[in-house]
There are 2 protein chains.
Amino acid sequence: MAFTCSVPAIPTVQQDDDTIRITRWDFEPGAVTGWHSHGWPYFVVMLVAGTLRIHDGTKTSDVPLAQGQAYMRPAGIEHDVMNGSDHPIAFVEIEVKQPGALKELALEKVSS
Amino acid sequence: MAFTCSVPAIPTVQQDDDTIRITRWDFEPGAVTGWHSHGWPYFVVMLVAGTLRIHDGTKTSDVPLAQGQAYMRPAGIEHDVMNGSDHPIAFVEIEVKQPGALKELALEKVSS
């Protein structure tokens with residue numbers, strides 16, 4: 001079960017190629033992403049302080065985050081994410097589709 | 001040659017492990033990182049809108065960026081970065097030390 005809410009978070013894709021996808025997510029208070037599964041490892045960077053309310057399918061948890069706070073998560077996570085704050089929030093999500101391509105970028109450095 | 005400026009940008013490290021380093025950088029107007037070389041591929045996410053003034057060793061360029069705007073760069077880049085705005089700015093930098101570790105995270109998903 002996910003959240004019962006009809007207010008969707010608004011995704012704005014900034015970049016989407018073979019290597020990465022960068023998306024800004026804007027949430028009104030109470031807005032949700034909807035239930036989803038992460039196919040790739042990803043980073044989240046909070047643009048404003050706020051509380052993410054996470055539904056993992058069986059229970060919810062509130063995660064207060066500061067402006068600029070960032071974290072990495074592995075592929076495979078399934079959840080629904082709500083803005084548990086009383087104000088609009090936004091974060092940037094960076095999904096790494098091809099970690100191998102990143103590795104090649106790093107190796108270019110070593111060999112040059 | 002880098003910028004001639006004695007006002008340093010302020011780094012605040014959020015996470016630093018074998019896989020990634022996450023740093024928030026705060027710049028007063030005119031503050032600089034100082035000349036540096038990127039040893040790993042990295043992401044930048046702007047927390048506020050502003051102009052990054054980049055010195056590549058021979059010339060400068062101004063890059064206006066929106067709040068939330070994000071980009072990826074490969075390892076090997078060398079430059080000095082100044083806040084070219086008339087207000088304080090901040091961004092989050094995510095350096096990927098071990099893209100292979102990210103790849104393993106992705107593979108965990110495939111095999112689970």
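**Exercise 1.** Find which residues touch the most other members of the largest nonpolar core.

*Solution.* Start with the term: a nonpolar core is a set of buried Ala, Val, Leu, Ile, Met, Phe, Trp, Tyr and Cys residues joined through side-chain atoms within 4.5 Å, where buried means under 20% relative accessible area with a 1.4 Å probe, protein chains only. The largest such core has 24 residues, and A:Phe43 and B:Phe43 touch the most other members. This is a predicted model, in which local features need pLDDT of at least 70, side-chain atom pairs count only at pLDDT 80 or more, and totals for chains, interfaces and linings use all residues. Side-chain values use heavy atoms, without hydrogens and water; residues are numbered from 1 along each chain as its sequence is written, and chains are lettered from A and ligands numbered from 1 in the order in which they are written.

Next, take the contacts (heavy atoms within 4.5 Å). Leaving out residues up to four places away in sequence, A:Phe43 touches, among others, A:Tyr71, A:Met72, B:Phe43 and B:Leu102.

**Exercise 2.** Give the strand order of the open sheet in chain B.

*Solution.* Strands are DSSP runs (E, at least two residues), numbered from the N terminus; two of them pair if DSSP finds at least two bridges between them. The order is E1-E2-E9-E4-E7, with antiparallel pairing. Strands E1 (10-16) and E7 (70-73) of chain B are the edges, each pairing on one side only. For one pair, four bridges join E4 (residues 42-46) of chain B to E7(B), and B:Tyr42 stands opposite B:Arg73.

**Exercise 3.** State through which surface the copies meet.

*Solution.* 100% of the interface residues of chain A are also interface residues in chain B, so the copies meet through the same surface.

How values were computed:
Buried < 20%, exposed > 50% of the residue type's maximum accessible area, 1.4 Å probe, protein only.
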